[in-house]
Every structure is written in structure tokens, then in C-alpha cells.
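I opened my notebook to look at how the parts of this model meet. My entries follow below.

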Amino acid sequence: MAEASYPEDLKYHPEHDWARIDGGEATLGITWYAQDSLGEVVFFEGPEIGSEVTKDQPYAEVESVKAVSDVVAPVSGEVIAVNDSLSDAPEAINADPYETGWLIKIRLSDPSEADSLMDAAAYAASLE
Amino acid sequence: MVPFAGWDMPVEYDGIREEHIAVRTHAGIFDVSHMGQIEVEGPGSLTFLQRAVTNDVSKIEVGGAQYSLLLNDEAGAIDDLFVYRLGHDRYLVITNAGNHMADLARLGQIARDFDVYVRDASSNYAMLAVQGPNARRILENTLHIDLPARMKVGARKVGRRPAIICGTGYTGEDGVELLIDPEIAPAIWTELVDAGVVPCGLGARDTLRLEVCFHLHGNDLTEETDPISAGLGWACVESTGFIGADKVAVFRANGTDEKLAPFLIEGAGIPRPGNPVMIGDEAVGEVTSGTYSPSLEKGIGMAYLRADLAEPGTELEIDVRGKRRAARVSSKPLYKKEK
């Protein structure tokens with residue numbers, strides 16, 4: 001998507017990652033700002049299903065032609081799904097970072113961690 | 001924008017992949033004004049250049065161009081260069097920005113023994129590379145000039161100012177490089193972009209040259225690498241007596257411990273400079289250039305390997321930040337144009 005957008009229903013981490021919290025689970029991805037800085041994504045490889053991701057720690061990498069960037073977990077938990085369609089079409093991360101460009105789903109190990117994340121307005125303000 | 005050898009350079013305009021594909025299928029324009037120009041003039045020009053650079057300069061006709069190397073006394077590559085012959089006793093040497101001052105110092109030192117005048121002409125020229133299958137047609141229609149053939153050079157007028165046009169580039173595509181008055185460069189750029197030529201940055205320049213296995217000095221070629229290890233023996237003619245020729249002759253006759261080899265990643269993964277090259281538990285080399293190839297849609301690179309492994313077909317693994325990626329030594333170039 002060409003225009004910056006930060007959906008209201010997501011929670012944001014200062015390392016430019018988002019989480020969509022749904023009960024005890026969360027979908028994770030990178031923000032519009034992150035994909036725009038990186039340029040066209042040409043490679044994403046997710047973690048193994050069943051592995052653990054830890055809040056504030058990198059759990060995967062996204063690569064553009066020019067650079068590789070860590071993807072940081074906004075919340076902790078066990079990986080229950082990886083977006084396999086990205087192996088053939090990683091450009092979805094640029095085109096639609098919040099829907100078809102999601103990266104992984106996790107089962108939250110500590111749902112209270114989400115309280116430390118920013119809402120859309122605070123995240124957008126942090127980019128100014 | 002990124003700093004590059006004292007210049008602020010754009011990595012990309014609209015995206016490396018689009019820019020890359022534009023050059024392979026249409027036409028792209030690169031501002032390469034950071035590259036240096038050194039004029040060599042005088043009756044001793046040819047004998048001087050035969051001593052200073054590795055290729056056989058006597059083979060360049062007036063209006064011709066040639067790739068060459070400038071070596072240190074140990075036959076390490078100070079720089080790789082293009083030499084254009086502008087007149088009977090007049091040459092222009094195109095240098096890499098990061099090495100320009102070292103080149104100038106080296107050439108100036110060697111020139112003391114010859115009847116020749118060597119001078120830095122970099123501030124006289126802006127340099128625009130216009131590359132791609134449609135580059136010539138658009139240039140001819142826009143600037144209303146006839147262009148020199150591939151690997152030829154000629155004086156022309158661009159924007160009513162004297163210019164030098166070269167049928168060269170570093171992308172593996174047909175095209176030309178324009179050496180023009182810096183004052184008119186922005187207007188020429190705009191005119192060509194308005195005519196449909198796609199602005200391209202350093203990022204696409206790197207992916208384009210790597211697909212066709214052209215060296216990047218500082219990565220694939222350094223003062224610590226000799227021309228034979230680097231696969232540039234074809235640009236060295238020892239009988240001309242260039243500085244370092246005796247050492248190059250020994251490397252050529254006896255072989256070298258390492259050789260630069262191009263490789264393709266077999267599955268997923270993008271190699272990057274500095275990645276170790278492994279066979280089993282043994283480190284057998286290091287990646288010097290690595291990227292994602294927009295044409296081949298996979299990871300590609302070049303690596304210095306133990307010489308016996310640098311043959312097409314050798315199976316390797318590249319250690320990309322701790323993950324092993326299967327790779328195979330390829331023949332040159334990695335990307336071949338479909339005829």
C-alpha cells in the first residue's frame with residue numbers, strides 16, 4: 001500500500017512490529033513504516049511451528065534486495081502458524097502488511113505483556 | 001541516500017527490483033558522476049600506460065575502449081579501470097570513486113619516468129550511464145546525436161557543450177555512458193527521464209553487475225587479490241611489461257590457491273558479503289558479493305574458493321547468519337540474456 005496506515009485494532013512495538021490480539025492468541029507482522037523503510041521484500045522465512053518467541057527478541061528475518069532486517073516479537077508465546085504463502089509471494093508484506101502480509105500466529109504465554117504495547121495513535125506519534 | 005566515497009548516492013528511486021528489470025527490458029539511467037576521470041596526454045602516453053596498467057593498450061585504436069587493472073608492486077589490484085583512447089597521444093582513464101585519489105597518486109608517480117602529462121579531470125565531467133535494450137534509441141531520438149558503437153568512444157556535442165560518449169557500461173546490457181558538462185547534467189537527466197528512461201540507483205547497479213559477474217572493487221577485487229585469482233587474467237598481457245607482470249606470469253603459470261567463482265543458491269536464502277562458504281565442516285571460502293537476483297529470482301553471489309573447488313557444478317553450502325543454504329558453483333555469467 002502506498003499510503004502510511006496504522007489500524008486502530010492493532011498493538012504496536014517500537015521496533016515497528018504489530019500484534020493483533022485475539023483472546024489467548026496473537027497474529028504478528030511488521031508495520032507500514034517497517035516495510036517502507038526496508039523496500040520490496042524478497043525473502044521471508046518463518047520460525048518452526050512449536051518454537052517459542054520472546055517479547056523484544058528477534059524471531060525471524062525479512063530481506064529486501066539491499067538489506068536484511070530482524071523481526072522482533074512484540075509479545076511472547078508459542079508459534080502455532082506461519083504464513084506459508086509468503087515463501088512464494090513475500091511482496092504481500094509490502095502490499096498488505098496487516099492482512100495477507102501477516103507473518104506468524106502465536107499462543108500467548110503472558111497476555112498481560114500486551115499492556116506495554118502502544119496503540120495506533122501513540123505509535124504514529126512515535127514516528128514523527 | 002547513503003554516503004559513498006565522499007558522495008551522497010541514491011540506493012534506489014522507486015525500488016531496486018523495478019529499476020533492475022527496467023534496465024534488462026527497457027532503459028535506465030544512473031548518475032555515476034562519482035566515478036573519476038584522469039587524462040593522460042603526451043608523446044609518452046602509450047609507453048606510460050603499457051607500464052602502468054595490465055591490458056595491452058597498443059590494441060586500442062583511436063576511438064576505442066578497454067578494461068584494465070592498476071596493480072601495486074605485489075600485483076594486488078589498486079583499482080579496475082576503463083581506458084578510452086581519445087586521440088593519437090590522448091587517453092582518458094575512468095576510475096572508481098573510492099580509489100580515485102590512490103589511482104592518481106600511483107599514476108602520477110609512474111609518470112615521472114615518461115614524457116607524459118597526467119591530470120585529474122574529474123571536476124570537468126558529470127557522468128550518466130544510460131543502459132538497456134532501448135537506451136540507444138531513446139538517446140538518439142532525444143539528444144539527436146549518433147552514438148559510438150559498443151566499446152567505442154567519441155567526442156560529441158550534448159546540450160551545445162562538448163561531451164565524450166562511450167559505448168560502455170557495467171550492467172551487461174547495451175548502452176552508453178555520457179561524460180558531460182556538470183552544468184547541463186540535471187537538464188539532460190530530466191530530458192531522458194521525461195522520454196521514459198527509468199532513474200536507477202546504486203542498488204540496481206550492484207544487482208545488474210553481479211548477475212553478469214562483473215567485479216566490484218573493494219569486494220571481489222582488492223589490493224590483496226591478484227588478477228589471476230580474481231579471474232581477470234584475460235585483462236593482463238604480461239608481454240607489455242606492466243608493473244607486476246612478472247608476478248602475474250608466475251600466478252598464471254603455477255595457478256593460485258584461491259579463485260573467485262560465481263554461485264547460485266539452490267533453494268531459499270540470500271547470500272551476503274562475508275558469509276562463510278562450507279563443504280561439510282570445512283570452511284572453503286568466503287562470499288565477497290551476494291544479493292537477490294531480480295532476473296533469476298534467487299540468491300546469487302561470488303566467493304573466493306579453494307582453487308580446486310572453483311569449477312562449475314561444485315556443491316557448496318553458504319553459512320547465512322547461521323543457516324546453511326545449498327549452493328552450486330556456476331559458469332559465468334550467472335544471467336544470460338534470452339536471444
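I looked for salt bridges across the interface of chain B and chain A, and the rule finds seven. A salt bridge here is a side-chain nitrogen of Lys or Arg within 4 Å of a carboxyl oxygen of Asp or Glu. I looked up one of them: A:Glu45 pairs with B:Arg325, and the closest N and O atoms are 2.7 Å apart.

I noted how the model was made and read: it is predicted, local features need pLDDT of at least 70, side-chain atom pairs count only at pLDDT 80 or more, and totals for chains, interfaces and linings use all residues. Residues are numbered from 1 along each chain as its sequence is written, chains are lettered from A and ligands numbered from 1 in the order in which they are written, and side-chain values use heavy atoms, with hydrogens and water left out.

Next I checked polar contacts between chain B and chain A. The rule finds ten residue pairs, both residues at pLDDT 80 or more. A polar contact is a pair of N or O atoms within 3.5 Å; within protein, one must be able to donate a hydrogen and the other to accept it, and residues adjacent in sequence count only if both atoms are side-chain atoms.

Which element of chain B gives the most to the side that touches chain A? I found helix 1 of chain B, with three residues. Helices (H or I, at least four residues) and strands (E, at least two) are DSSP runs, numbered from the N terminus.

I then looked up the area. Chain B and chain A bury about 1200 Å² between them, 47% of it on carbon and sulfur atoms. Buried area is the accessible area (1.4 Å probe) that two parts lose on being put together, summed over both. B:Arg17, B:Arg272 and B:Arg321 supply 40% of the area that chain B buries against chain A, more than any other three residues.

I turned to the domains of chain B, whose bounds come from an automatic or database domain assignment. I wrote down domain 1 (2-33 + 125-211), domain 2 (36-122) and domain 3 (257-329). The C-alpha centres of domain 1 and domain 2 of chain B lie 23 Å apart. These two domains of chain B bury about 1200 Å² between them, 65% of it on carbon and sulfur atoms. In domain 1 of chain B, B:Tyr125, B:Met151 and B:Val153 lose the most area to domain 2, together 44% of what that side buries. How many salt bridges cross this interface of domain 1 and domain 2 of chain B? I found zero.
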